[in-house]
Amino acid sequence: MNPFSAVAAFGLLLVRPGMLVMGTAVLGGPHVPPMVRIGLTVLVALALAPFVAMPVGLALPDLTIVIARELAIGLALGLAIRIVLAAAELAGHFAGYQIGLSMGSLIDPLSGVRNNVLAILYANLSAVICLSLNLHHALFQALGDSYRALPVGIGGVDASLATHVAELVGMVFVLGVRIAMPVVVVLLVVELALGLLGRVAPSLNVVTAGAPVRVVAGLLVLAASLTVLPGLISRHQSSLFQLAASTAAAFR
């Protein structure tokens with residue numbers, strides 16, 4: 001292999017881990033400096049280089065297809081952690097709307113856009129939990145295993161891709177609702193109690209009097225429910241990685 005072919009092969013090897021790093025907010029979000037993302041991608045590629053067989057003699061159209069396939073596989077694997085953060089943000093929006101904090105917004109360091117205060121809290125806490133549960137180690141292990149199951153080369157798109165994508169989106173809603181469920185249920189009971197109070201005492205302004213009750217009850221339940229968040233994420237860990245692997249396998 002001549003020097004140019006070796007550099008081109010290493011450049012092709014950078015595509016899948018590079019997309020994995022950029023697609024995972026914990027590792028390559030907007031808050032991570034570009035040089036750190038590039039350095040992490042190069043280190044991962046160097047670690048994989050002795051074990052990955054690279055195709056040779058690819059024409060330009062074939063090379064374009066291979067790069068697109070590598071990008072898709074890396075993105076699919078990165079969704080294993082991205083789903084957790086998206087579900088946490090959804091739970092924060094649910095809880096914030098129920099408590100009455102949906103109007104407060106800050107710049108989310110994970111996404112770089114304005115987001116609900118509770119959504120930012122849930123997302124950042126979930127990112128820390130993912131690191132504490134070593135999900136990033138499992139992610140890199142899945143990346144290494146993907147080269148054995150899906151070698152670098154020209155492949156196709158399986159018909160099951162749409163089903164797997166639908167399952168991934170559904171997991172966002174399932175996990176998000178489960179995270180926010182304690183706050184939603186307790187505040188639903190509070191709303192029913194306030195409604196009965198309004199019927200008993202019509203002169204009482206339930207909207208004004210109930211606002212601090214919602215905030216206090218919601219924040220207390222929120223503080224108590226955060227303790228179960230690590231266990232909830234841990235229980236869904238295997239199913240999330242299996243869904244991400246199935247989505248990546250659709251690009252055989």
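Which residue forms a salt bridge with Glu-70, the closest N and O atoms being 3.9 Å apart? The partner is Arg-69, and point 2 sets this pair in context.

1. Basis of the note. The structure is a predicted model, in which local features need pLDDT of at least 70 and side-chain atom pairs count only at pLDDT 80 or more, while totals for chains, interfaces and linings use all residues. Residues are numbered from 1 along each chain as its sequence is written, and side-chain values use heavy atoms, with hydrogens and water left out.

2. Salt bridges around Glu-70. A salt bridge is a side-chain nitrogen of Lys or Arg within 4 Å of a carboxyl oxygen of Asp or Glu; the whole structure holds 4 of them. One of these joins the side chains of Arg-16 and Glu-70, at 2.7 Å from N to O. This pair links distant parts of the chain, with Arg-16 in helix α2 (residues 15-23) and Glu-70 in helix α5 (residues 60-99), 54 residues apart. Helices are DSSP runs (H or I, at least four residues), numbered from the N terminus. Arg-16, Arg-69 and Glu-70 are linked in a network of salt bridges.

3. Buried denotes under 20% relative accessible area, exposed over 50%, and partly exposed the range in between (1.4 Å probe, protein chains only). Glu-70 counts as buried because its relative accessible area is 0%; Arg-69, at 7%, is buried as well. Arg-16 is also buried.

4. Link between α8 and α9. A salt bridge of 2.4 Å (N to O) brings together the side chains of Glu-191 and Arg-214. Glu-191 belongs to helix α8 and Arg-214 to helix α9, 23 residues apart. Glu-191 is partly exposed at 32% relative accessibility, whereas Arg-214 is buried at 17%.

5. Nonpolar surface patch. Phe-94, Val-177, Met-181, Val-185 and Val-189 make up a nonpolar patch with about 380 Å² of accessible area together (Shrake-Rupley method, 1.4 Å probe; for residues, only the protein chains shown count as cover). Such patches join nonpolar side chains (Val, Leu, Ile, Met, Phe, Trp, Tyr) within 5 Å, from residues with over 30% relative accessible area and no salt bridge. Helix α8 (residues 161-200) supplies the largest share, 4 residues. Val-177, in helix α8, is partly exposed at 32%.

6. Ser-126. This residue lies in helix α6 (residues 117-132) and is buried, with a relative accessible area of 0%. Leaving aside residues up to four places away in sequence, Ser-126 touches Val-84, Leu-85, Ala-88, Leu-229 and Ile-233 (contact means heavy atoms within 4.5 Å).

Terms used. Helices (H or I, at least four residues) and strands (E, at least two) are DSSP runs, numbered from the N terminus. Patches are made of residues with over 30% relative accessible area and no salt bridge: like charges are joined within 9 Å, nonpolar side chains (Val, Leu, Ile, Met, Phe, Trp, Tyr) within 5 Å.
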